Every structure is written in structure tokens, then in C-alpha cells.
Amino acid sequence: MMKLLSSPASPYVRKVRIVAAMKGIADRIEAQPTDTRSPINEALQRENPLSKIPVLILDDGMQVYDSRVICEYLDTLAPEPRLFPSTGRERLRALTLAALADGILDAALLLVYEKRYRPEEKWVQGWMDRQQAKIDAALDHLEKAPPDWEAGPDYAHVTLACALGYLDFRHGGAWRPAHPKLMAWLDRFSAAVPAYAATRPV
Ligand SMILES: N[C@@H](CCC(=O)N[C@@H](CS)C(=O)NCC(=O)O)C(=O)O
């Protein structure tokens, strides 16, 4: 049995859980609740020196991170559905969209960490505005032409859905009114991938 160092609130862990469900291999992975808030969690640091989750621990003890690498590994464990296009422009398109969605997530997480780990008198508004501007520009770009899929959603779509889900969870869904096409896109994704609703963060 593989182990996944996890938290139900983590959007990066959510990506992995959705991919595992889509590949039909969720029962081969045991979630191991992992604390990332304490100043140092030595057990986590031993598995990943960056002290970040998710970490997938393979049956032979090998540690795999980060979420993209884990998802790409899981994609090799069952043939269908193919979640990472193997070559060419399709692969480039998927990885670039996934990088954009991960970038939204990274900026949204930094905004949460600014408030969680720094005292209020040290919050830097200009820096927070800078992160928010990245999120807003990425969403505006995606709103012009939300990414479609043919056979079914792939890894990039999973990543975007998790980014939007995190904006709902930690940022009050403030992205929604200005992005109606993306809202409809997320509804379509959710209908196509039941694991999305099943992994709603708590
Ligand atoms: N690029 C990483 C990001 C992982 C990440 O930042 N995870 C957060 C939880 S949502 C974490 O472990 N944070 C603890 C920390 O940064 O100290 C991935 O895709 O897995």
C-alpha cells in the first residue's frame, strides 16, 4: 500500500486524490494525516526536506513529490484515462495550463500564509496586492477562453479545478462574479469528475 502524506484542506493533495480516483487506483493509497503548521514536523521533514505535502511514499519507501510529479507517476499505473498527454504540443499545452493553475494556487497560498504566519502589523499590503494581481490576471486570461477537453478532463483541468476550489475555500469565492464562464466551466468539470465533490476541502 502506498502512503500519501495529506491534509484534507490542501489543494495540492486534492489534485493527487482526484487523479488517483480518475485512474481507479485510490484503494492503493492510504492517506496519512500530516501536520504542516507546526514550526517543524520532523517526521514530514524526513520524508520531504521542504516539509511540504503531498508526499507519496511508494511500497519500497521511495518518497515522491511534488504534486505534479506524483500525479504523473500515478498516470503510469493504469492505462486509462490518459491524464498527461505523452508528446508534442498537446503535452506542452497541458503542462503550461497546469503551471498557470499551480501559479494561481501558489499565489493564493502565499496570501493565506502572510496572514497565518506573520503578525498583522507586519502584513505588507503591496506584496499582497502583487500576489492578488497574479491571480486576477490569470483568471481574466482563462475567462476569455476556458480550456476545453475532448475525451475527458486531463491533469491540467484537474489542477485548474483545484485552484478554483481553493479560491472558494480560502478566499470566499470572490473570483466568481467577474468570471461567469469559468464558473460554468467548474460546474462542467465537477459533473464530469465526481471525485471533485468527494474531495471538497474541510
Ligand atoms: N509545489 C508543491 C506545493 C506544496 C505545498 O505548498 N503544500 C502546502 C500545503 S497546501 C504545504 O505543505 N505547506 C507547508 C509549508 O510551506 O511549510 C506541490 O505541488 O506539491
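**Entry 1. Conventions**

I worked from a predicted model, in which local features need pLDDT of at least 70 and side-chain atom pairs count only at pLDDT 80 or more, while totals for chains, interfaces and linings use all residues. I number residues from 1 along each chain as its sequence is written.

**Entry 2. Domains**

I looked up the division of the protein and found domain 1 (2-75) and domain 2 (88-194); these bounds come from an automatic or database domain assignment. The centres of the two domains, taken over C-alpha atoms, are separated by 21 Å.

I then took the residues that touch across the two domains. I count two residues as in contact if their C-beta atoms, placed from the backbone, lie within 7 Å. On that basis, ten residues of domain 2 are in contact with eight residues of domain 1. On the domain 1 side, H1 and H3 each supply at least two residues. H1 gives the largest share of that side, six residues. My labels H and S refer to DSSP runs numbered from the N terminus: helices (H or I, at least four residues) and strands (E, at least two).

I also sorted the domain 1 side by class, which gave five nonpolar, no polar and three charged residues. In this scheme Ala, Val, Leu, Ile, Met, Phe, Trp, Tyr, Cys and Pro count as nonpolar, Asp, Glu, Lys and Arg as charged, and the others, Gly among them, as polar.

**Entry 3. Nonpolar core**

I call a residue buried if 20 or more other C-beta atoms lie within 10 Å of its own, exposed if 12 or fewer, and partly exposed in between, with C-beta atoms placed from the backbone. A nonpolar core is then a set of buried Ala, Val, Leu, Ile, Met, Phe, Trp, Tyr and Cys residues joined through C-beta atoms within 7 Å.

The largest such core has 48 residues, and Val19, Ala101, Ile104, Tyr155, Ala161, Ala163 and Leu164 have the most contacts inside it. Among the elements that each supply at least two of its residues are strand S1 (2-6), helix H1 (11-23), helix H4 (88-117) and helix H6 (155-170). Ten residues, the largest share, come from H6. Domain 1 and domain 2 each contribute at least three residues to this core.

**Entry 4. Helices H1 and H6**

I compared each helix with its expected span, 1.5 Å times one less than its number of residues. H1, with 13 residues, reaches 18 Å from its first C-alpha to its last, close to the 18 Å expected. H6, with 16 residues, reaches 22 Å, close to the 22 Å expected.

Both helices are mostly covered: twelve of the 13 residues of H1 are buried, and 13 of the 16 residues of H6 are buried. The buried residues of H1 include the charged Arg14, Lys15, Arg17 and Lys23. Their cover includes S1, strand S2 (29-33), H3, H4, H6 and helix H8 (194-198).

I checked what follows each helix. Glycine 173 lies in the loop between H6 and H7, and it counts as partly exposed because it has 13 C-beta neighbours inside 10 Å.

**Entry 5. Ligand shell**

I found 13 residues around the ligand, of which Ser10, Thr36, Lys52, Asp66 and Ser67 come nearest. H1 and H3 each supply at least two residues of this shell. By class, the shell has six nonpolar, four polar and three charged residues.

**Entry 6. Backbone exceptions**

Most residues other than glycine have a negative phi, and most peptide bonds are trans. The peptide bond from isoleucine 53 to proline 54 is cis, with omega near 10 degrees. A cis bond also joins tyrosine 65 to aspartate 66, with omega near 0 degrees; aspartate 66 is in the loop between strand S4 (63-64) and H3. Serine 51 has a positive phi of about 55 degrees, although it is not a glycine. Serine 51 lies in the loop between H2 and S3, and it counts as partly exposed because it has 18 C-beta neighbours inside 10 Å.

Technical notes: A residue is near a molecule or strand if its C-beta atom, placed from the backbone, lies within 6 Å of it.
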